[in-house]
Amino acid sequence: MKIKSPTELIYKSIVILFLIIFIPILFFVFAFGHDMNYFEAVKIETLWSNRILFLIIVAFVLLLFAIFYLFRNVKLTRKTNFILIAGLLLASILVYFVNVEISKCIFLKQGWDVDCVLGSVYLMHFGSGIGDYAYMSSFPNNVPITYFLYRLYDFYLNYGSLRVTPEFFWVMVNCFTISITGFLCSMIVKKLTNNLIAVLAAFGLHTLCVGVTPWKTTPYTDMGALLFPTLCIFLYMYAHDVKKKYVKYILWFLILLSGFLGGLVKPSVLVV
């Protein structure tokens, strides 16, 4: 491994350090799961054991490496760019449906904040106001997500097919957010690297790390804010290539709007 500069040395050292730290954590969480000593409320219950889920992930990683090997010499041209974008869109749609099915097999006990937010949603639906004013005054960042979930709840009851509960409709929206975010992340990496393997790695890692999270079954700010910082970065990178001023102004407006909405849902988005 050739090191061309001190910056590259620092970068590669950080990558290696993170791999050394987080790969064992990932292994123990998925391989041993409930046998580990951590907070009971955040342990997930699935139809399949953690060991089976871990083996599925291992198979997925091996599949990624096989794809990397097969496409290692492919250059991104106009034709391959079109095929790549179309393939990522189809893969994102597939990830959405897979996530929806996986979510049906997950039960994750929700914490205090989520219970307060959902309780307020039900009260608003029945016309009783927002409910716990003391809580919402102490944590005003939960007001926007409460209103958003309330609107989704009412929308689904009025216009949805009612094949699933309104609560699972929230989960479906989370799964949709995961897929859109994964696609945008891949497009950002493509813009930065113009490298097929890097793009496939970004999509694969996003699917592996974000796609399997049980938090997709929880309607709260963690999933609600996922899209906005990614959308900001995506629009910012492509705004630089736009020649027409009015289009550039539109993109900058969308960047500011996305950042503003993300900040309403979760203030830490503004830091990103």
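Me: At what angle do helix α3 and helix α7 pack?
Reply: About 155°. This is a predicted model, by the way. Helix α3 covers residues 78-103 and helix α7 covers residues 166-193. Their axes are 9 Å apart.

Me: So which way does α3 run relative to α7, roughly parallel or roughly antiparallel?
Reply: Roughly antiparallel, because angles over 145 degrees count that way.

Me: And is the crossing of α3 and α7 left-handed or right-handed?
Reply: Right-handed.

Me: Which residues make the contact?
Reply: From α3, they include L84, I85, L88 and L89. From α7, F168, V171, M172 and K190 are among them.

Me: How many residues of that contact are nonpolar, polar or charged?
Reply: There are 15 nonpolar, six polar and one charged.

Me: Staying on α7, is T177 buried or exposed?
Reply: T177 lies in helix α7. T177 is buried, with a relative accessible area of 12%.

Me: What is T177 in contact with, leaving aside neighbours within four places in sequence?
Reply: M223, L226 and L227.

Me: New topic. How many residues does α4 have, and how far does α4 reach?
Reply: Helix α4 spans residues 112-125, so to speak, with 14 residues. From first C-alpha to last, α4 reaches 20 Å, close to the 20 Å expected.

Me: Which residues of α4 are buried?
Reply: V114, C116, V117, L118, S120, V121 and M124. These buried residues pack against α5, α6 and α7.

Me: What comes just after α4?
Reply: G127, which takes a positive phi of about 80°.

Key. Residues numbered from 1 in each chain as written. Predicted model: local features only at pLDDT ≥ 70, side-chain atom pairs only at ≥ 80, totals over all residues. Heavy atoms only, no water. Axes fitted to C-alpha atoms, helices over the stretch in contact; angles between N-to-C directions. Helix = DSSP H or I, 4+ residues; strand = E, 2+ residues; numbered from the N terminus. Parallel < 35°, antiparallel > 145°, perpendicular 65-115°, else oblique. Left-handed = near helix turned anticlockwise from the far one by under 90°. Contact = heavy atoms within 4.5 Å. Nonpolar A, V, L, I, M, F, W, Y, C, P; charged D, E, K, R; others polar. Expected span 1.5 Å × (residues − 1). Buried < 20%, exposed > 50% of the residue type's maximum accessible area, 1.4 Å probe, protein only.
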